[in-house]
Amino acid sequence: MAKNYDGMAVGAFELDNLVACFVALDAASKAANVTIQSVERNRLKSGACVKIRGSVSDVNAAMEVVLETAKPLGKIVSHTVIASPSADTEVALKMTINK
């Protein structure tokens with residue numbers, strides 16, 4: 001069953017190492033009240049893109065922990081926080097899940 005993320009901020013980060021993604025995600029979920037929306041493996045590489053959801057302050061706090069934790073473990077490919085995703089952005093965020 002899909003969770004309703006309406007009104008929630010989204011944090012997305014991509015690392016070049018799947019294990020680093022899990023370590024960073026674990027640290028982030030312990031540091032802030034965030035929910036894991038998805039972990040999407042790269043098809044051509046060993047990394048992944050992770051999406052987390054929560055309040056703006058919780059997602060920002062979680063992303064700080066992600067970046068701090070991931071830095072010694074692998075390359076941070078990209079990261080961002082979207083405070084209030086539009087309806088169209090929400091559709092796009094769901095498009096890659098389970099692909």
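Which residues of strand 3 are buried on one side, and which on the other? In this predicted model, Ala48, Val50, Ile52 and Gly54 are buried on one side of strand 3, while Cys49, Lys51 and Arg53 are buried on the other, so that both faces of the strand are covered. In a regular strand the side chains alternate between the two faces of the sheet. Seven of the seven residues of strand 3 are buried, and the strand is therefore largely enclosed by the rest of the structure.

| Strand pair | Sense | Bridges | Example of bridge partners |
|---|---|---|---|
| Strand 1 and strand 3 | antiparallel | seven bridges | alanine 12 and lysine 51 |
| Strand 2 and strand 3 | antiparallel | six bridges | isoleucine 36 and isoleucine 52 |
| Strand 1 and strand 4 | antiparallel | six bridges | glycine 11 and valine 81 |

In soluble globular proteins, nonpolar side chains tend to be buried together. In this model the largest nonpolar core has 19 residues, and those with the most contacts inside it are Phe13, Leu15, Cys21, Val34, Val50, Ile52 and Ala62. At least two residues of this core are supplied by each of strand 1 (9-15), helix 1 (18-31), strand 3 (48-54) and helix 2 (56-70). Helix 1 gives the most to the core, with six residues.

Leucine 15, which is one of the residues with the most contacts inside the core, shows how separate parts of the chain come together. When its neighbours within four places in sequence are left aside, leucine 15 is in contact with Ala20, Cys21, Ala24, Asn42, Gly47, Ala48, Ala70, Lys75, Ile76 and Val77.

Glutamine 37 is found in strand 2, which spans residues 35-41. Its relative accessibility is 12%, and because buried means under 20%, glutamine 37 counts as buried. Not counting residues up to four places away in sequence, glutamine 37 touches Tyr5, Val10, Lys51, Ile52, Arg53, Lys94 and Ile97.

**The cysteines**

How many disulfides does a search of the whole structure find? The search finds zero disulfides. Cysteine 21 is in no disulfide, and the nearest cysteine sulfur to its own, that of cysteine 49, is 8.2 Å away. Cysteine 49 is likewise in no disulfide, with the sulfur of cysteine 21 as the nearest cysteine sulfur, 8.2 Å away. A disulfide would need the two sulfur atoms to lie within 2.5 Å. Cysteine 21 counts as buried because its relative accessibility is 0%, and cysteine 49, at 19% relative accessibility, counts as buried too.

Notes: Residues are numbered from 1 along each chain as its sequence is written. This is a predicted model: local features need pLDDT of at least 70, side-chain atom pairs count only at pLDDT 80 or more; totals for chains, interfaces and linings use all residues. Side-chain values use heavy atoms; hydrogens and water are left out. A nonpolar core is a set of buried Ala, Val, Leu, Ile, Met, Phe, Trp, Tyr and Cys residues joined through side-chain atoms within 4.5 Å. Buried means under 20% relative accessible area, exposed over 50%, partly exposed in between (1.4 Å probe, protein chains only). Helices (H or I, at least four residues) and strands (E, at least two) are DSSP runs, numbered from the N terminus. Contact means heavy atoms within 4.5 Å. Two strands pair if DSSP finds at least two bridges between them.
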